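Let's take a walk through this structure together, starting with a pair of helices and moving on to charged side chains.

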Amino acid sequence: MKVHLIGVCGTAMATLAAMLKRKGVDVRGSDQDVYPPMSDFLAGEGVPTLSGYTADHITDDLDLVVVGNAISRGNAELEEVLNRKIRYCSLPEAIRDHFLWTSRSIVIAGTHGKTTTTALTGWILTDAGTDPSVLIGGIARNFGDHGSSYRLGRGGDFVIEGDEYDSAFFDKTAKFLKYLPDIVVINNIEFDHADIYADLAAVRLAFRRLVNLVPKRGLLLLGADNDEALALERVAVSRVATFGLREGVDWQACDVTTVGDRVRFRVLHAGAEFGQFELPLLGLHNVRNALAALAVAVEAGVPRDAITRALGSFAGVKRRLEMVGTAAGVTVYDDFAHHPTAVETTLAGLRASNPASRIWAVFEPRTASSCRRVFQEDFARAFALADRILLAPVFKSLPEPERLSIPDLVRDLIEAGRQARAAESVDDIVASVARDAQPGDLVVIMSNGGFGGIHGKLLRALGTGSGREDTSSGKSPS
């Protein structure tokens with residue numbers, strides 16, 4: 001079989017290409033811009049990449065074309081596919097058809113935490129020897145020599161991150177509706193993806209449709225600390241189990257303590273003692289993520305001791321409160337947070353382990369939702385645990401009434417007693433932090449994009465300013 005991917009340099013599309021290649025499929029792809037790190041990843045996986053979009057790339061020998069969800073009408077390759085009636089599909093359809101029909105599909109979903117929960121679940125099953133396949137929307141450090149977004153195993157389980165974003169130009173329904181779920185985790189539900197969902201009711205409907213796909217013998221795991229997720233219990237046809245920190249749930253974490261850069265907690269199952277666990281992550285949100293992964297592992301037959309070992313050896317996911325370096329006594333973290341809740345929980349986790357440290361929050365509004373005024377008031381609350389806040393310009397061009405107002409946000413933060421200001425550029429942020437940061441300060445850079453290479457620039461500026469060497473171990477994430 002010969003497959004061509006249009007938009008192959010997207011993270012998910014590149015991962016799919018690599019998985020198909022390892023399965024023995026003759027695969028190649030094209031993208032408008034082919035450059036590192038995706039070009040290096042694809043070359044390492046043996047996937048040929050074509051630069052630019054042209055009808056000539058759609059050759060007569062193709063059996064299937066996978067259309068990325070960033071591709072729209074007018075794309076030269078897509079138009080050629082449509083004109084010639086070459087078989088095409090979306091990314092989630094390709095994953096389903098090539099990997100999921102013969103697997104027990106474990107779908108990890110929710111507005112927040114799904115990447116870490118997918119990585120945790122995949123790692124527990126892997127470390128326990130069940131040899132699952134795993135597909136993650138991030139780089140899990142436990143997989144591969146330098147971390148990976150996937151693994152292909154010979155076991156019967158396929159752990160997949162279930163994204164509620166749309167599938168393709170011809171299919172605006174959520175990706176996770178294609179994943180043939182046997183076990184579903186829904187951590188939480190909030191309004192997000194304002195470019196495709198009109199309101200919370202629309203998001204709620206997508207998750208309700210996912211719940212409706214779980215077979216009677218399957219299992220639905222609901223985050224009970226989130227009312228929207230818990231409400232789905234009423235419409236479930238399958239077995240349901242709940243998890244969280246509140247009392248009365250099936251899987252409860254209690255006695256949570258932070259020790260350095262780790263959390264310790266007890267777990268009760270149906271009110272009875274199940275065990276004590278330690279996780280090398282910060283924040284109550286990660287305790288909930290671990291609870292969900294633990295519950296899936298028990299359903300899969302993994303012994304408690306194996307779960308304890310795997311949680312304790314979890315190496316994390318890149319760009320989830322990832323420490324990228326220290327210079328002049330200032331520690332710089334990279335985090336993918338772009339929703340107010342994610343910002344708040346990231347800062348809460350860091351504050352719990354560093355109660356006396358000064359925390360800088362550097363934020364770039366970049367996603368379709370974070371660039372919009374819909375979260376104006378929520379962002380003002382989200383930064384409450386930061387001591388200094390620097391806000392980059394809104395990334396997307398939007399009409400004034402729709403766009404997040406940085407001046408209004410700065411005003412609200414100052415009125416709440418925070419030190420905040422609007423930054424003009426990445427260079428402005430770097431200069432400000434390098435000038436004013438003190439040894440012991442923690443700087444959290446939050447963006448879902450590359451943010452102009454700010455991580456490396458800041459570490460170099462701090463190192464130069466202090467006369468010390470930059471201890472960052474590698475390129476800044478992007």
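**Helices and salt bridges**

In this predicted model, helices α1 and α4 are roughly parallel to each other, because angles under 35 degrees count as roughly parallel and their axes cross at roughly 20°. The two axes come within 11 Å, with α1 spanning residues 11–22 and α4 residues 91–100. Their crossing is left-handed. On the α1 side, the contact is made by A12, M13, L16, M19 and L20, and these meet L91, A94, I95, H98 and F99 of α4. Sorted by class, the contact of α1 with α4 has nine nonpolar residues, one polar residue and no charged ones.

Charge comes into the picture elsewhere. Side chains of opposite charge can pair when their charged atoms come close. The structure holds 34 salt bridges, so let's look at a few.

One of them joins the side chains of R104 and D157, at 2.6 Å from N to O. This pair links distant parts of the chain, with R104 in strand β6 and D157 in strand β9, 53 residues apart. R104 is partly exposed, at 29% relative accessible area, whereas D157 is buried, at 9%.

Another salt bridge pairs R264 with E278, at 2.5 Å from N to O. R264 lies in strand β16 and E278 in strand β17, so the pair ties together parts that are 14 residues apart in sequence. Here R264 counts as partly exposed at 41% relative accessibility, and E278 counts as partly exposed at 25%.

Further along, R421 forms a salt bridge with D428, their closest N and O atoms being 2.9 Å apart. R421 is partly exposed, at 28% relative accessible area. Finally, salt bridges that share partners join D225, D227, R246 and R288 into one network.

Conventions
Residues numbered from 1 in each chain as written. Predicted model: local features only at pLDDT ≥ 70, side-chain atom pairs only at ≥ 80, totals over all residues. Heavy atoms only, no water. Axes fitted to C-alpha atoms, helices over the stretch in contact; angles between N-to-C directions. Helix = DSSP H or I, 4+ residues; strand = E, 2+ residues; numbered from the N terminus. Parallel < 35°, antiparallel > 145°, perpendicular 65-115°, else oblique. Left-handed = near helix turned anticlockwise from the far one by under 90°. Contact = heavy atoms within 4.5 Å. Nonpolar A, V, L, I, M, F, W, Y, C, P; charged D, E, K, R; others polar. Salt bridge = Lys/Arg side-chain N within 4 Å of Asp/Glu carboxyl O. Buried < 20%, exposed > 50% of the residue type's maximum accessible area, 1.4 Å probe, protein only.
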